[in-house]
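User: I am new to this structure. Please walk me through how its parts are arranged.

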Amino acid sequence: MKDVNCAYCMGGELLDKFGIPICDLDVSQLILFKEQSKPGRCIVASKSHVSEIIDLSEEERNRFIADVVRASSAIHKAFSPDKVNYGAYGDTGCHLHVHLVPKYEGGDEWGGVFQMNPGLKYLSEAEYAEMIGKIRACL
């Protein structure tokens, strides 16, 4: 079941405000977060419109976590971060998704919690395409 007000369900203009689809994974979609102050930041969003990870069956939950691991591994291979932070929110958009936020030692916010959208760095279409290509090559 889809929610017509949900960017993860509907894609298009709703998703375009903050993300670019990279590819479908097993039970989720991998999305590049447009704000790239943390190079390689992505979102793994469930293909099911559920609010909580506990709303998934055990099999679906295991497959979703496997997608998160696959995406994180690709980010590590493509961008060599010192750490990836994982954030699962959804207070306002009740669709299960996890932010994968690469952190770089000595960089901004190292040692602290990442900002949801600092609005510091947006890329050109060519730079987004290059970044997506790197991630796809590492999946």
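User: Which residue in S5 is the bridge partner of Lys83?

Analyst: This is a predicted model, where local features need pLDDT of at least 70, side-chain atom pairs count only at pLDDT 80 or more, and totals for chains, interfaces and linings use all residues. Residues are numbered from 1 along each chain as its sequence is written, and side-chain values use heavy atoms, with hydrogens and water left out. Strands (E, at least two residues) and helices (H or I, at least four) are DSSP runs numbered from the N terminus. S4 and S5 (residues 97-103) run antiparallel and are joined by 5 bridges; in S5, Lys83 has as its bridge partner Lys103.

User: What is the order of the strands in the open sheet?

Analyst: Strands pair if DSSP finds at least two bridges between them. The edge strands, S1 (19-24) and S4 (83-87), each pair on one side only. The pairing in this sheet of 5 strands is antiparallel, and the order is S1-S2-S3-S5-S4.

User: At what angle does H4 run to S1?

Analyst: Axes are lines fitted to C-alpha atoms, for helices over the stretch in contact (heavy atoms within 4.5 Å). Angles run from 0 to 180 degrees between N-to-C directions. H4 lies across S1, S2 (28-33) and S3 (42-46), and its angle to S1 is about 25°.

User: Are H3 and H4 parallel or oblique to each other?

Analyst: The axes of H3 (residues 58-79) and H4 (residues 125-138) come within 8 Å and cross at roughly 120°. Angles under 35 degrees count as roughly parallel, over 145 as roughly antiparallel, 65 to 115 as roughly perpendicular and the rest as oblique. H3 and H4 are therefore oblique.

User: Which residues in H4 do Ala74, Lys77, Ala78 and Phe79 meet?

Analyst: These four residues lie in H3. Their partners in H4 are Met131, Lys134, Ile135 and Cys138.

User: How are the rings of Tyr8 and Phe18 paired?

Analyst: Rings of Phe, Tyr and Trp (its six-membered ring) pair if their centres lie within 6.5 Å; planes under 30 degrees apart count as stacked, over 60 as edge-to-face and the rest as tilted. Here the centres are 5.7 Å apart and the planes stand at 70°, so the pair is edge-to-face.
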